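Good morning, colleagues. I would ask you to look at the sequence and the model together while I speak.

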Amino acid sequence: MSRLPSRHRRLDDALADLPLEEPMLLSELDGFLTGVLLSPAPILPDEWFVSIWGSAEDGSPPFEEPADVRWFTDAVMARYTEIARDLGRGKPQPIFEVDERNGDVIWEIWIAGFAEAMDLRPESWAALAEGDDPAIAAAVAELSLLIAMADNTSALDTVQINAMQDAIPVTITTTVLRLHAAGTGGVGAPPLSLVAPAPAKVGRNDPCPCGSGKKSKRCCG
């Protein structure tokens with residue numbers, strides 16, 4: 001992903017620095033945000049942001065400084081808005097990892113992110129797959145097959161999978177576009193005012209947010 005704009009590279013670095021055992025890669029985030037946008041049932045930011053930065057007991061983001069919380073949420077929402085814009089224009093541009101050794105597109109990372117978004121509303125996606133619209137059902141089935149292939153749980157053999165590999169990035173692009181054109185998304189890109197991350201964590205020796213001037217541990221903390 002060496003040709004990424006600097007804002008995307010910075011977001012990729014920020015994701016890698018999250019204190020999680022397996023933080024999302026940028027390509028995984030891209031698939032996740034696309035899945036959120038195309039979800040047949042609405043998913044608001046206060047829910048799906050937890051999937052990105054990991055859940056804490058109070059649901060707060062893992063940043064010490066409020067400015068870091070704002071920068072991270074703004075960066076994620078900027079990409080979210082870009083994806084919504086590109087889908088609306090009929091020109092989705094998913095971010096795929098590329099193997100620098102041979103140029104192969106590592107689409108599995110992107111589809112893993114999409115699968116994580118589907119897991120937030122599994123019943124709604126199942127209803128689409130079993131619905132009366134054959135085009136939408138086929139698109140969901142296509143994505144489900146790719147998810148199974150990425151997980152090595154598909155019924156396809158190696159020869160069949162290898163025959164499909166080169167076309168999969170295009171398949172992903174056309175399939176998400178078909179879903180968007182069919183109006184599967186339960187909610188469009190929300191205004192930034194909807195993104196209200198929980199307050200940044202306050203250390204026990206930091207000044208109490210209440211403004212008393214005392215240390216947090218000797219006041220509200």
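Predicted model: local features only at pLDDT ≥ 70, side-chain atom pairs only at ≥ 80, totals over all residues.

I begin with the lining of the largest cavity, whose residues comprise 6 nonpolar, 2 polar and 3 charged. In this classification Ala, Val, Leu, Ile, Met, Phe, Trp, Tyr, Cys and Pro are nonpolar, Asp, Glu, Lys and Arg are charged, and the others, Gly among them, are polar. A cavity here is a set of points, on a 1 Å grid over the protein atoms alone, where a 1.4 Å probe fits but cannot get out, and a lining residue has an atom within 4 Å of a point.

Residues are numbered from 1 along each chain as its sequence is written, and side-chain values use heavy atoms, with hydrogens and water left out.

How many cavities of 30 Å³ or more does a search of the whole structure find? The search finds 1. The largest cavity holds about 70 Å³ of space, where a volume is the space filled by probe spheres set on the grid points, and points are joined across faces, edges and corners. Its lining is formed by Asp30, Thr34, Arg79, Ile83, Asp86, Leu87, Pro92, Gln93, Pro94, Trp110 and Val176. Helix H2 (26–38) and helix H4 (66–88) each contribute at least two of the lining residues. The greatest contribution is that of H4, with 4 residues.

Let me place these helices in the overall fold. The protein chain contains 9 helices and 2 strands, these being DSSP runs numbered from the N terminus, with helices (H or I) of at least four residues and strands (E) of at least two. Along the sequence, the pattern is α-α-α-α-β-β-α-α-α-α-α. The chain has 221 residues, of which 38% count as buried; buried means under 20% relative accessible area, exposed over 50%, and partly exposed in between, with a 1.4 Å probe and protein chains only. Among contacts with a separation of 6 or more, 68% join residues 24 or more positions apart, a contact being heavy atoms within 4.5 Å.

In H2, 13 of 13 residues are buried. This helix spans 18 Å from its first C-alpha to its last, close to the 18 Å expected at 1.5 Å a residue; the expected span is 1.5 Å times one less than the number of residues. In H4 we find Tyr80, which counts as buried because its relative accessibility is 0%. Tyr80 and Phe32 are 48 residues apart along the chain, and their C-alpha atoms are separated by 9.6 Å.

The next element is helix H5 (residues 107–118), whose 12 residues reach 17 Å from first C-alpha to last, close to the 16 Å expected. Which residues of H5 are buried? They are Trp107, Trp110, Ile111, Gly113, Phe114, Ala115, Ala117 and Met118. These buried residues pack against H2, strand S2 (105–106), helix H6 (122–129), H7 and helix H9 (168–181).

Leu4 lies in the segment before helix H1 (6–16) and is buried, at 13% relative accessible area. Leu4 and Ile95 are 91 residues apart in sequence, with 8.8 Å between their C-alpha atoms. Setting aside residues up to four places away in sequence, Leu4 touches Arg9, Leu26 and Ile95. Val98, in strand S1 (residues 97–98), is partly exposed because its relative accessibility is 35%. Its contacts beyond four places in sequence are Gly103, Asp104 and Ile106.

Is Ser154 buried or exposed? Ser154 counts as buried because its relative accessibility is 18%. Its side chain reaches the backbone nitrogen of Leu156 at 3.4 Å. Beyond four places in sequence, Ser154 touches Leu145, Ala148, Met149 and Ile161. Asn152 is found in the loop between H7 and H8 as well, but Asn152 is exposed, with a relative accessible area of 72%. The phi of Asn152 is near 60°, a positive value in a residue other than glycine.

Technical notes
1 Å grid on protein atoms, 1.4 Å probe; cavity = no way out; pocket = protein on both sides within 12 Å on 5 of 7 lines; lining within 4 Å. Polar contact = N/O pair within 3.5 Å; in protein donor to acceptor, adjacent residues only side chain to side chain.
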